[in-house]
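Hi,

Here is the structure I promised to pass on. Have it open while you read, and my notes on what turned up follow below.

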Amino acid sequence: MTHAERIVILDFGSQYTQLIARKVREVGVYAEIHPYSIHRDDLVALSPQGIILSGGPSSVYAEGAPIPSFDVFGLGIPVLGICYGLQLIAYQLGGGVDKAARREFGRASLNIDDDSDLFAGVPSSTTVWMSHGDHLTAIPPGFERLAHTSNADICAIRNSERRIWGVQFHPEVHHSDYGRELLRNFVVGICGCSTTWNASSFIDSAIRDIQTTVGSEGVICALSGGVDSTVAAVLLHRAIGRQLHCIHIDNGLMRKNESATIVEMFRDQFDLTIDLVDGTELFLSYLDGVSDPEVKRKGIGKAFIELFEIEAKNFSDAKFLAQGTLYPDVIESVSVKGPSATIKTHHNVGGLPERMNLRLIEPFRELFKDEVRAVGRELGIPEWFIERHPFPGPGLAIRVPGVVTRERLDILREADDIYLDELRNAGLYGKIWQAFAVLLPVQTVGVMGDERTYEHVCALRAVTSTDGMTADWYHMPYDVLARISNRIINEVRGINRVVYDVSSKPPATIEWE
């Protein structure tokens, strides 16, 4: 994507780095994350209006601490350091950083000494979110103190001449009362950005980029029927019209009756041509005997590409494969976004084979889920569809831990259908970010009709979230759980026990695999 303005966030491994990007985007300014190890020339080529240094788990004075290989502060670009970023400023520019006598985690009362520029419009005393074990012991030459807490005497600093600011707390975290205003003061007031980045401007820019990239060639869209691929298809159709060829693969891993419903909906609702391909046998062959979730994902990715390359031969102009890859997919799949761990491989990111005959086009790989939904609304996609729960690309294969078989998939399909049906009946579906059933690779003893049973356990998962990066388990009403459990056990042959997952992300992930 091309962007007229951007804020670059250098990631030093903070768990909050993605929140910085989200908060800046909420202000109306495009922001993107890059590793602290980015090359100087690559950073300059991005022409950022401002640079934000994220927090991180390291101590700046420790051996092997993440430190850029060039002088970030000598580029003439406004810089805001957050937590570790503040300490990096002090450490590199002549201040002092050391371990604090008392660590500071959670809420703290911030007292502002100077309410100009960065703290404009913020009350003299406000609540902020702290997460640090080190603190500043001396202000670098040419800097002045802007704020303090009872535990951190130097909690915010500024060098107006060099246009460098730093704060010890985390304005990107929801618990910092005026965090969004502070970030707005930096990106708009200090960096001079205009607040024009939104769903509408994204669509205009994306269409131009798609048209430039694609030219007169054809694009095959991997249409799963989920929100991401659907919005991508509608966007691509608006950009290139009949050059778009939508293909839906029934991989045998879909929810009950989903493939037939998807094809009918797209032909009737969106006036898009769509070809249905039955790939069940190929996908199940890749999954035969496989229990490792990473192997599952990679096999599914290979099967997708294999089928799409075969189908592409039906379209002489097809040179591109479009996918609805999102920013969290990229962040979780690739550990180059700073010193962070790879959580899992997404089938449409790390699971792709190294060589393929189609070039990828991923218009949403810079967007979070809620931003894609905003784009969908702007494109006129009905609200009932926009608010559908996310469905993973690998489908039910990663909701059947262990070996995947036709029998286990069929059992899970029935249980999942009942679960979602009861959530809609209870008026809860719209309050939940994602809900689904999981068929566990264990069997338990039960009794039905005075007879002993030895059948599968079904786990129910429901979470609330904004973008899928973090999530809390949904506090399901007991009466609803009771109805769901009763229906599943009575109506689905092969299940005699239902459990509810009360894990949040982190430490768990939303999906089980």
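Helices (H or I, at least four residues) and strands (E, at least two) are DSSP runs, numbered from the N terminus. Keep in mind that this is a predicted model, where local features need pLDDT of at least 70, side-chain atom pairs count only at pLDDT 80 or more, and totals for chains, interfaces and linings use all residues. Residues are numbered from 1 along each chain as its sequence is written, and side-chain values use heavy atoms, with hydrogens and water left out.

**Helix pairs**

Two packed helices are described by the angle between their axes and the distance between the axes. The axes here are lines fitted to C-alpha atoms, for helices over the stretch in contact, and angles run from 0 to 180 degrees between N-to-C directions.

Let's start with helix H8 (residues 280-287) and helix H9 (residues 293-312). From H8, Leu282, Phe283, Tyr286 and Leu287 meet a set of H9 residues: Lys296, Gly299, Ile300, Lys302, Ala303, Phe304, Glu306 and Leu307. That contact divides into eight nonpolar, one polar and three charged residues. (Ala, Val, Leu, Ile, Met, Phe, Trp, Tyr, Cys and Pro count as nonpolar, Asp, Glu, Lys and Arg as charged, and the others, Gly among them, as polar.) The axes of H8 and H9 come within 9 Å and cross at roughly 150°, so these two helices are roughly antiparallel to each other. For that wording, angles under 35 degrees count as roughly parallel, over 145 as roughly antiparallel, 65 to 115 as roughly perpendicular and the rest as oblique. The H8 and H9 crossing is right-handed; a crossing gets that name if the near helix is turned clockwise from the far one by less than a right angle, and left-handed if anticlockwise.

Next come H13 (406-425) and H14 (residues 478-491). Their axes are 9 Å apart and they pack at an angle of about 150°, so H13 and H14 are roughly antiparallel too. H13 also passes H14 in a right-handed crossing. On the H13 side you'll find Ala415, Ile418, Tyr419, Asp421, Glu422 and Leu423, and they meet Arg483, Ile484, Arg487, Ile488 and Glu491 in H14. By class, this contact has six nonpolar, no polar and five charged residues.

How do helix H1 (residues 17-27) and H4 cross? Their axes come within 9 Å, with a crossing angle of roughly 70°, so H1 and H4 are roughly perpendicular to each other. Lys23, Val24, Glu26 and Val27 in H1 meet Arg180, Leu183, Arg184, Val187 and Val188 in H4.

**A pocket and a cavity**

On a 1 Å grid over the protein atoms alone, a cavity is a set of points where a 1.4 Å probe fits but cannot get out, and a pocket is an open set with protein on both sides within 12 Å along at least five of seven lines; lining residues have an atom within 4 Å of a point. Grid points are joined across faces, edges and corners, and a volume is the space filled by probe spheres set on the points.

The second largest pocket has a volume of about 350 Å³. Its lining holds 17 residues, and Arg255, Lys256, Glu258, Arg388 and Arg424 lie nearest the centre. H13 turns up again here, giving the largest share of that lining, six residues. By class, the pocket lining has five nonpolar, three polar and nine charged residues.

There are three cavities of 30 Å³ or more. The second largest cavity has a volume of about 50 Å³, and its lining residues include Leu110, Phe119, Phe169 and Tyr178. Strand E6 (125-138) and helix H4 (179-190) each supply at least two lining residues, and E6 gives the most, with three. Seven of the lining residues are nonpolar, four polar and one charged.

Most residues other than glycine have a negative phi, and most peptide bonds are trans. Cys83 has a positive phi of about 60° although it is not a glycine; look for Cys83 in the loop between strand E4 (79-82) and helix H3 (84-92). A cis peptide bond joins Lys505 and Pro506, with omega about -15°, and the bond from Pro506 to Pro507 is cis as well, with omega near 15°. Pro506 sits in the segment after strand E18 (495-500).

Cheers

Note on methods. Contact means heavy atoms within 4.5 Å.
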